[in-house]
Amino acid sequence: MRTALILLFLLAIGAIPGSVLPQRGVSVDQVTNYFLDHPDIAPWLDRFYLFDVYTSPWYAAIYLLLFVSLTGCVLPRAMAHYRTMRGRPPKTPRNLNRMPYCARFTTDKAPDAVLEHARSVLKGYRMETDAPADAATCTSSIAAEKGYLRETGNVVFHLALLAILLAVAAGSFYGYRGNMLVVEGTGFANGVPSYDAYYPGTAVNAGDLQPFSFNVDDFKATFIEGGKLSGQADSYAADLSYKEAPDAPEKHHKLEVNEPLSVDGAQVYLLGHGYAPEFEVTNADGDVVFDQAVPFLYRDTFSFTSDGVIKVPDTGDDDQLGFSAVFYPSAAKTPQGELTSDFPDTRDPVVTLQAYQGDLGMRSPQSVYQLYTEKMDELGESPEMRPGDTWKLPDGAGSVTFKGYRDYLSMQVNSNPARIPALLAASVAVVGLLAALFVRPRRAWVRAKRGDDGRTVVEVAGLSKTDAAWATAEFHRIARTLRDRLRDAPANDAGMKE
């Protein structure tokens, strides 16, 4: 158990980077932003899998060691508890007056009659009668125990933890997840090439993916307008039309943060949103060589000032065009006169561009969010452009028109066949934990023997493993109830010792 606790502590420590740093399994664009903001330290963090904490080898090692340790701890404990439940309660101690609670009184009833009444008073306890050890005094006793569910709950809780670990492992083996950006008005088909980041389980092949598809018909983001929470997101909602298979009928679903789309065992989650400004680029001859919406990465969620890159590799001549751009949803000026955004919603959308001409370097792999300008010449910086504005590029290189913007959705598809077993195991763990916390194990003994005066001396004792004050009250109730049932006349409490 000590080893399991240490490993559990290490598992908790290992999860800290996963809660502090962005994770690829949740948001690829946030990880990309981190690389852009911290180009020196991000590659080092990535070498230690700190952007993929929960799928890293070192986290898996802790996880597996914890599983082995819990198995070695819980299974022997469960078998020992099973033997205890099938065994008899502990025999009556020789000196009951050493127990935390002990009461003594006398009665005219015979010892056998005392034990008969004691059995009815101790109803609910598991009891065992000790045969008379002394025929002369007719000494006999009852040993009773109650509260086995506490240890049962403890064992069930730990067994459920093992089941959760197994379910998580099975989900990682047979499930998959993937992240993607979907621009409003476009669609998604569930295939490996459609994902921006795809994480299959060991036993998952490309042909195992559910053949569903959907289209984002409309998206609406609302933000808090005033007060201390001004600018924070209030709700995200997207209207989807989807098909479970290519030949299946079309259905509709309103996708929200806590309302995923469930299709054939896969869940489509809405993680966040951003802006995708639309641009039309013409070359020197006036031909349209680029016309589409480009997803931009936001710098923060309070202003949604977003950065993006436009790459135009096919311009009709040898020189390619590239643009680094900044999108301001609600343009405003700082006291220093710099352009900024003072609200995340699109109250006054403005974009600024920095144009380059030359070789984009696209013969080698590169990020779509980065513009490599080593082999390019700077053409200049655009004025502030609002939807519908056109900027004529210097030297007759063409023009750029800011047509407007669309929203894009950051989404995740998660298919986990062990999701329901994990939920059931977690529910069982909660039930076991409640039993371990609130059930109170206690033991009680009743001994009856003939005294020198011919009357029967009755001793009632009790021992609790948890709340002593509560147990004392229950043992005192047992002693008084038994005494009241046995006495011929009102008894005096002076002979009762606690």
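Close-up 1. With a relative accessibility of 9%, Val-294 counts as buried, because buried means under 20% relative accessible area. The model you are looking at is predicted. Val-294 sits in the loop that links β12 (288–293) to β13 (297–298).

**Close-up 2. The neighbours of Val-294.** Which residues does Val-294 touch, not counting residues up to four places away in sequence? They are Tyr-275, Ala-276, Pro-277, Phe-279, Val-309 and Ile-310. For a sense of scale, look for Leu-271 as well: Val-294 and Leu-271 are 23 residues apart in sequence, and their C-alpha atoms lie 19 Å apart in space.

**Close-up 3. A negative patch on the surface.** Here you can find six aspartates by name: Asp-285, Asp-287, Asp-317, Asp-318, Asp-319 and Asp-377 form a negative surface patch. One of them, Asp-318, belongs to the loop between β14 (306–312) and β15 (320–328). Is Asp-318 buried or exposed? Its relative accessibility is 76%, so Asp-318 counts as exposed.

Close-up 4. Ile-6, Phe-9, Leu-10, Ile-13, Ile-16 and Val-20 together make a nonpolar surface patch of about 580 Å². Pick out Leu-10 to get your bearings: Leu-10 is part of helix α1, which covers residues 2–20. Leu-10 has a relative accessibility of 37%, so this residue counts as partly exposed.

Conventions:
Residues numbered from 1 in each chain as written. Predicted model: local features only at pLDDT ≥ 70, side-chain atom pairs only at ≥ 80, totals over all residues. Heavy atoms only, no water. Patch = residues over 30% accessible without salt bridge, like charges linked within 9 Å, V, L, I, M, F, W, Y side chains within 5 Å. Areas by Shrake-Rupley, 256 points an atom, 1.4 Å probe, with all protein chains shown as cover. Salt bridge = Lys/Arg side-chain N within 4 Å of Asp/Glu carboxyl O. Lys, Arg positive; Asp, Glu negative; His and termini not counted. Charge placed at Lys NZ, Arg CZ, Asp CG, Glu CD. Helix = DSSP H or I, 4+ residues; strand = E, 2+ residues; numbered from the N terminus. Buried < 20%, exposed > 50% of the residue type's maximum accessible area, 1.4 Å probe, protein only. Contact = heavy atoms within 4.5 Å.
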